[in-house]
Amino acid sequence: MATPINLKELSKQEVRFTAGHRLCAGCAAPIVVKMVLLAACDYPVVVASSTGCLEVSSCISTYTAWKVPWIHNAFENAAATLSGVESMYRALKKRGKIDKDIKFIAICGDGGSYDIGFQSLSGAMERGHDMLYVCYDNGAYMNTGIQRSGATPTFADTTTCPAGVVIPGKPQQRKDLTRIMAAHGLPYVAQASPSHWPDLMKKVRKAIEISGPKFINIFTPCNRGWRSRTDDAIMLSRLAVETCFWPLYEVEEGITRITVKPRDKRPIVEFLKAQGRFKHLFEPGKEKMIEQLQEMIDKNWERLLKEEEMTSPKDEGNE
Amino acid sequence: MIGWKDIPPGMVILEAGSALKVKTGSWRAAYRPKWIEENCIHCLLCWLYCPDNSVKVKNGKREEFDYDYCKGCGICALECPGKKGKKAIVMEEEVK
Ligand SMILES: Cc1ncc(C[n+]2csc(CCOP(=O)(O)OP(=O)(O)O)c2C)c(N)n1
Ligand code: SF4
Ligand code: SF4
Ligand code: SF4
Ligand SMILES: [Mg+2]
């Protein structure tokens, strides 16, 4: 029987990512990893990570925080690497050399997923490998010093799009990787946040029970890069969901379902003001930019609501 | 000191969870969390949210902090619901 998703039962399971890792104090990445691995606690798993904060800090010299077989190859090819491991597993299974039911999970940063590892990810998904690819999205190349990525929000200050007189932080729009993965026609695609952990764990559970390629994008605050407090990772995740900056939804066999609908959609300014990377938006004369961000979020949320309505299976009685 | 010759070829690490040898509790700078047991409802949110597995739990009941690894981030204190508006975790000045 599957371990129930409640903390009393889950706390009796082994956490397969140990302390002693060198991620910053208050980093959300290890929280996300813990939740993903706890959701998968009923199975042996093999994990792959691309180069980035999680990889660098969880595996230094002879010290590893992983209690599962874990592989790192390079920045741009975690999905390709795990494709190979999964193919080998299938071959060994066919030959009767292995009989365990093993789940394959990639856990990679946004730089490694949205940008540099994108073709490796897209290829692995298109080929249909039986794996779950999790992107922990902290919105920049954090490990090398907060450089902008395709996931960096519009107007966020980073070291390669510094807010100043020339540009207002990142001038471009975020790339919507979750929708791009949904457009691959995968059996399961979702967006999750550690603040809504039962939703996150249910999504991971659902994904690993489905055979074939799956993708989950998880919101992962980084206090170092976002210039915020070390205690606010969960608070900011919650705000991201409640402002609809990071909607929680899933796309299963082409059907879109919003899994958590905020009762009162909060203004984006609440999310922005808690982070130093948006500090410049609060200077006099910049009000228009916050309005602009609010419009972008509203438009995206409306679109998602419509998508949900459009794809929802029609009530048979009405046909 | 471990030299490169002591590491298995291919940078393979054979000891799972060897990072536990690194006591990151020494990172704590200004603050450390304190558990106030009488305000604790044993919801275990602190256990789940702690990035450094520094909240011990036994048979579904919360136990003391593990100061060997706690980096003093304060997430547990901020997220703790406590009892009747009274937090079961507060951050207090670090004693070295
Ligand atoms: C081909 C290549 N280019 C650049 C780097 C340097 N590099 C290592 S990690 C990293 C950023 C990782 O960003 P992300 O995937 O978002 O993970 P994060 O560190 O933010 O968690 C970069 C640029 C590299 N290792 N390999
Ligand atoms: S820089 Fe950000 S993502 Fe990297 S370890 Fe620190 S808090 Fe985590
Ligand atoms: S979060 Fe607070 S109330 Fe809940 S178990 Fe931890 S200390 Fe107790
Ligand atoms: S202060 Fe941070 S590291 Fe220490 S126990 Fe609380 S959540 Fe864990
Ligand atoms: Mg990143």
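Modeller: Let us begin at a ligand: an oxygen atom of ligand 1 is 2.9 Å from a polar backbone atom of C53(A). Please keep in mind throughout that this is a predicted model.

Colleague: Which other residues have an N or O atom in the side chain, or a polar backbone atom, placed by an oxygen atom of ligand 1?

Modeller: On the side-chain side there is D110(A), with an N or O atom 3.2 Å from an oxygen atom of ligand 1, and on the backbone side there is A140(A), where a polar atom is 2.9 Å from a ligand oxygen. The protein covers 76% of the 590 Å² of accessible area that ligand 1 has on its own.

Colleague: How many residues surround ligand 1, and which are the closest?

Modeller: There are 17 residues around ligand 1, and the closest are C53(A), G111(A), G112(A), Y136(A) and A140(A). Sorted by class, this shell holds seven nonpolar, eight polar and two charged residues. Its largest share, three residues, is supplied by helix α5 of chain A, which spans residues 110–115.

Colleague: Which residues coordinate the magnesium ion?

Modeller: The magnesium ion (ligand 5) is coordinated by D110(A) through OD, by N138(A) through OD1 and by A140(A) through O, at 2.0 to 2.2 Å. Written as a spacing in sequence, these donor residues follow the pattern D-x27-N-x1-A. Distant parts of the chain are linked in this way, since D110(A) belongs to helix α5 of chain A while N138(A) sits in the loop between β6 and α7 of chain A, 28 residues apart.

Colleague: Are D110(A) and N138(A) buried or exposed, and why?

Modeller: The step of reasoning uses a cut-off, which is that a residue under 20% relative accessible area is called buried. D110(A) counts as buried because its relative accessibility is 1%, and N138(A) counts as buried because its value is 7%.

Colleague: What surrounds ligand 2?

Modeller: Its shell is made of L23(A), C24(A), C27(A), C53(A), N138(A), C222(A), N223(A) and R224(A). By class, that shell divides into five nonpolar residues, two polar ones and one charged one.

Colleague: How should I read a strand, and which residues of strand β5 of chain A lie on each side?

Modeller: The general idea is that in a regular strand the side chains alternate between the two faces of the sheet. In β5(A), K103(A), I105(A), I107(A) and G109(A) lie on one side and F104(A), A106(A) and C108(A) on the other, and all are buried. Strand β5 of chain A, residues 103–109, is thus mostly covered, with seven of its seven residues buried.

Colleague: Which strands are joined to β5(A), and in what sense do they run?

Modeller: Strand β1 of chain A, residues 45–49, is joined to β5(A) by four bridges and runs parallel to it, with V47(A) having I105(A) as its bridge partner. Strand β6 of chain A, residues 131–137, is joined to β5(A) by five bridges, again in parallel, and here C108(A) has C135(A) as its partner.

Colleague: What does an antiparallel pair look like in chain B?

Modeller: Strand β2 of chain B, residues 55–58, and strand β3 of chain B, residues 61–65, pair in the antiparallel sense over three bridges. K58(B) has K61(B) as its bridge partner in β3(B). Two residues lie between the strands of this hairpin, where N59(B) takes a positive phi near 45°.

Colleague: Where is E253(A) found, and what is its phi?

Modeller: E253(A) is found in the loop between β9 and β10 of chain A, and its phi is near 45°, a positive value in a residue other than glycine. With a relative accessible area of 61%, E253(A) is exposed.

Colleague: Is K84(B) buried or exposed, and where is its place?

Modeller: K84(B) is in the loop between α2 and β4 of chain B, and it counts as exposed because its relative accessibility is 83%. Its phi, near 50°, is also positive in a residue other than glycine.

How values were computed
Residues numbered from 1 in each chain as written. Chains lettered and ligands numbered in written order. Predicted model: local features only at pLDDT ≥ 70, side-chain atom pairs only at ≥ 80, totals over all residues. Heavy atoms only, no water. Buried < 20%, exposed > 50% of the residue type's maximum accessible area, 1.4 Å probe, protein only. Pairing = 2+ DSSP bridges. Near = heavy atom within 4 Å. Nonpolar A, V, L, I, M, F, W, Y, C, P; charged D, E, K, R; others polar. Polar contact = N/O pair within 3.5 Å; in protein donor to acceptor, adjacent residues only side chain to side chain. Areas by Shrake-Rupley, 256 points an atom, 1.4 Å probe, with all protein chains shown as cover. Donors = N, O, S within 2.8 Å, 3.2 Å for Na, K, Ca; no water.
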